[in-house]
Amino acid sequence: MELPIPDLLIINAAELLTLSYGLSTEDKEAEKKIGLIREGAIAAKNGRIIAVGRTEDLVKSLRVSKDTRQIDASHKVVLPGFVDPHTHLIFKGTREKEFLMRQQGIPMQRILREENTGIISTVRWTRKATFDELLDETGLHVSSLVDWGTTTIEIKSGYGLNLEEEIKMLKIARYLGNYTPLNVRATLLAAHIIPPEYHMREEKYVELVVEDIIPIIAKNKLADFNDVYCEKGAFTREQAKKLLQVGKKFGLRPKIHADEMSDSGGAEVAASTGAISADHLVYTTEANLKKLKEANVVAVLLPITTFSLGLERYAPGKTMEEMGLTVALGTDYNPGTSMSPSMPLVISFAVIKLKLTIEEAILAATINAAMAIGMEKEVGTIEPGKRANINILKIKHYEEIPYRIGENYVETVISNGEIMKGG
Ligand SMILES: [Zn+2]
């Protein structure tokens with residue numbers, strides 16, 4: 001029988017985290033959970049993984065040609081590319097002034113009276129930018145995420161807030177998915193906030209989203225999901241429910257910003273509309289967590305947002321894990337409340353503030369995050385058949401990931417078999 005010839009071969013990884021229980025060669029339960037293989041190797045061809053195992057065994061099972069790119073990962077940790085299931089990374093301009101004022105304890109109402117503050121200013125700048133200008137700026141944000149090992153990204157609209165501008169944003173998300181090696185899912189977030197031109201006419205805006213924006217975005221296949229910011233000052237639970245149900249009718253699976261600043265009913269809406277994920281969940285109750293679990297909704301936690309806002313209360317990650325919920329982690333990358341592209345930093349926060357174990361946090365940043373965007377069959381683990389999304393870290397043990405806070409030890413980033421950093 002002819003042996004397969006891979007075009008990419010990674011060998012000698014001190015610790016290969018496949019995130020696939022069945023592939024582990026170790027005995028400890030924690031190590032099985034992350035599918036640990038010592039002295040691990042991965043072979044890939046045409047952007048897909050074709051074999052995974054111990055280096056010794058794997059190299060015997062295939063043939064190397066002059067076209068095979070070999071990477072020696074001795075003394076390094078190898079794991080799947082990170083999956084960031086919650087970002088708002090298409091935007092123009094930054095809001096550092098507002099960030100600094102907030103840290104000084106100046107109340108939000110006063111900050112919002114200043115020029116160039118709040119979501120509205122981002123909406124204004126983003127609307128003004130041409131497609132090409134916005135694509136250029138977005139490219140810079142995406143490069144920062146890749147630099148930290150993210151290869152799969154969910155991207156929301158929500159700074160356009162009218163049909164034309166939401167289309168512009170979602171076309172950029174689709175462009176990134178089609179013309180880069182990254183794996184991208186797009187989410188319509190027309191219900192981010194009420195745009196200024198609809199001030200005191202909230203129901204009119206909901207009507208616009210329901211009757212125009214959702215149907216046209218869905219018809220043109222510009223989004224995979226439909227999201228609502230359910231919170232005081234944004235959209236009520238009744239509005240959220242209606243918006244998500246209409247989206248569902250048009251084939252857009254619901255997602256929701258739920259219970260970020262208060263128990264706003266968002267988790268309940270997620271459970272009752274069959275949302276794929278409920279995100280933030282800082283103020284949600286245990287009764288609501290039960291409903292999320294029963295409805296199989298993934299809990300997406302965004303601890304850097306809490307930190308960046310200078311707040312003390314974090315989402316109850318440990319309780320969620322104990323209750324058996326699927327917990328995922330994301331950056332929430334956005335210019336207002338989380339200007340951080342780093343999934344390794346999110347993992348540090350998950351361990352320090354959400355009290356997740358290191359293994360839970362790594363699962364949450366990869367395969368569970370893939371579940372939050374419906375990509376678990378394609379990304380999030382290192383298994384034959386999956387897309388070759390692989391990170392090589394310049395550390396010897398996976399336990400160092402949360403411990404080296406804010407250090408970028410991500411040396412090589414591979415997405416769909418293409419090397420995007422290092423190599
Ligand atoms: Zn968000």
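Analyst: Phe131, Leu134, Leu135, Thr138 and Val142 in helix α6 meet Lys168, Lys171, Ile172, Tyr175 and Leu176 in helix α7. Two residues are in contact here if their C-beta atoms, placed from the backbone, lie within 7 Å. Helices (H or I, at least four residues) and strands (E, at least two) are DSSP runs, numbered from the N terminus. The model is a predicted one, in which local features need pLDDT of at least 70 and side-chain atom pairs count only at pLDDT 80 or more, while totals for chains, interfaces and linings use all residues. Residues are numbered from 1 along each chain as its sequence is written.

By class, the contact of α6 with α7 has 7 nonpolar, 1 polar and 2 charged residues. In this division Ala, Val, Leu, Ile, Met, Phe, Trp, Tyr, Cys and Pro count as nonpolar, Asp, Glu, Lys and Arg as charged, and the others, Gly among them, as polar.

Two packed helices are described by the angle between their axes and the distance between the axes. The axes of α6 (residues 131–147) and α7 (residues 163–179) come within 10 Å and cross at roughly 50°. Axes are lines fitted to C-alpha atoms, for helices over the stretch in contact, and angles run from 0 to 180 degrees between N-to-C directions. The helices α6 and α7 are therefore oblique to each other: angles under 35 degrees count as roughly parallel, over 145 as roughly antiparallel, 65 to 115 as roughly perpendicular and the rest as oblique. The crossing of α6 and α7 is right-handed. A crossing is left-handed if the near helix is turned anticlockwise from the far one by less than a right angle, and right-handed if clockwise.

A second pair of helices may be described in the same terms. Helix α10 (residues 266–273) packs on helix α11 (residues 286–294) at an angle of about 20°, with the axes 9 Å apart. For this reason α10 and α11 are roughly parallel to each other. The crossing of α10 past α11 is left-handed. On the α10 side the contact is made by Ala267, Glu268, Ala270 and Ala271, and on the α11 side by Asn288, Lys291 and Leu292. These residues comprise 4 nonpolar, 1 polar and 2 charged.

Helix α10 is mostly covered, with 7 of its 8 residues buried. A residue is buried if 20 or more other C-beta atoms lie within 10 Å of its own, exposed if 12 or fewer, and partly exposed in between. The buried residues of α10 pack against α9 (237–249), β10 (253–258), β11 (277–280) and α11. After α10 comes Gly274, whose phi is positive, near 70°.

At the level of the whole chain, the domain assignment gives domain 1 (8–80 + 381–421) and domain 2 (82–372); such bounds come from an automatic or database domain assignment. The C-alpha centres of the two domains lie 30 Å apart. Their contact takes 25 residues from domain 1 and 22 residues from domain 2.

Finally, two single residues may be considered. Tyr398 lies in the loop between β14 (390–393) and α17, and counts as buried because it has 21 C-beta neighbours inside 10 Å. Leaving aside residues up to four places away in sequence, Tyr398 touches Glu15, Leu17, Val77, Ile358 and Ile362. Gly22, in the loop between β1 (8–17) and α1, counts as exposed, because it has 8 C-beta neighbours inside 10 Å.
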